Amino acid sequence: MKFGKNLKDMIEESNSEFADKFLSYKQLKKKLKSLPVPEGNTSEKLHPVEISVSPEGESILTNNLNLEQQSFVMMLNEELQKFNHFYIEKEEEYVMELQKLEEDLRQMTDGTAEELSALRLRFVKFHGRLVLLQNWGALNYSALVKILKKHDKNSALALRSPFLMNVLTQPFYSVEILKELLERAEEAYKVIDEKQSAPPP
């Protein structure tokens, strides 16, 4: 099954909050079809692309590009900005949510079994949302790799490698805070499990 079909199916099955935050793979494929087709074997005629990065994280190509190439790169940059804005917003939201959950756990010194179970369920649901965000980022990175591979196969410009080097510095790809949140949520499970298994006073 083709990647585009797999991506479409995953988007349809995803949380509605994420549905319009995935790579616009189909639209980028359409843009690829408008690029001039190079003559001969493209693998032998690929010209390296020089990229600089703007303060906003956009890839700026220093090569002279035709309008179709410029339009393709501009759309890729817009997609990166879409990923970054969504990811930063969710990361901030989840940091605050975890602080509230941890505070509720600290205050539950002698909670009933039902209260502990309810709090554990809140942590489980929160952990699930973190994993969903992590998977969303990985899937978008894979989609970028695929569309850039298609670009380089059908173009005289070698865009994939320099563009992906920029992607590796983007907020949506830098998941250190997300990993920390996951670890803290998992640690909270253990604390709750210990409280639940502790003998009554």
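## An exposed methionine

Met165 counts as exposed because its relative accessibility is 52%, where exposed means over 50% relative accessible area, buried under 20%, and partly exposed in between (1.4 Å probe, protein chains only). Met165 is part of helix 6, which covers residues 160–167.

The structure is a predicted model, in which local features need pLDDT of at least 70 and side-chain atom pairs count only at pLDDT 80 or more, while totals for chains, interfaces and linings use all residues. Residues are numbered from 1 along each chain as its sequence is written, and side-chain values use heavy atoms, with hydrogens and water left out.

## The surface patch

Together with Leu168 and Tyr173, Met165 makes a nonpolar surface patch of about 280 Å². Patch residues have over 30% relative accessible area and no salt bridge; nonpolar side chains (Val, Leu, Ile, Met, Phe, Trp, Tyr) are joined within 5 Å, and like charges within 9 Å. Accessible areas come from the Shrake-Rupley method with a 1.4 Å probe, and for residues only the protein chains shown count as cover.

## Overall make-up

The protein has 201 residues, and 38% of them count as buried. Its secondary structure consists of seven helices and four strands, in the order α-α-α-β-β-β-α-α-β-α-α from the N terminus on. Helices (H or I, at least four residues) and strands (E, at least two) are DSSP runs, numbered from the N terminus.

## How helices pack

Helix 4 (residues 67–107) packs against helix 7 (residues 176–197) at an angle of about 20°, and their axes are 11 Å apart. Helix 4 is therefore roughly parallel to helix 7; angles under 35 degrees count as roughly parallel, over 145 as roughly antiparallel, 65 to 115 as roughly perpendicular and the rest as oblique. Axes are lines fitted to C-alpha atoms, for helices over the stretch in contact, and angles run from 0 to 180 degrees between N-to-C directions. Helix 4 passes helix 7 in a left-handed crossing, meaning that the near helix is turned anticlockwise from the far one by less than a right angle, and clockwise if right-handed.

Helix 4 also packs with helix 2 (residues 25–33), here at about 165° with the axes 10 Å apart. Helix 2 and helix 4 are therefore roughly antiparallel, and their crossing is left-handed. Helix 5 (residues 113–153) and helix 6 meet at about 160°, their axes 9 Å apart. Helix 5 is therefore roughly antiparallel to helix 6, and this crossing is right-handed.

## Salt bridges

The whole structure holds 12 salt bridges, each a side-chain nitrogen of Lys or Arg within 4 Å of a carboxyl oxygen of Asp or Glu. One of them joins Glu102 to Arg184, with the closest N and O atoms 2.7 Å apart. Glu102 lies in helix 4 and Arg184 in helix 7, so this pair ties together parts that are 82 residues apart in sequence. Glu102 is buried, at 18% relative accessible area, whereas Arg184 is partly exposed, at 26%.

Arg184 also forms a salt bridge with Glu180 (3.3 Å, N to O). Both residues belong to helix 7 and are four residues apart, about one turn of the helix. Glu180 counts as partly exposed, at 39% relative accessibility. In helix 4, Glu103 and Arg106 are three residues apart, about one turn of the helix, and form a salt bridge with the closest N and O atoms 2.9 Å apart. Glu103 is partly exposed, at 31%, and Arg106 is exposed, at 54%.
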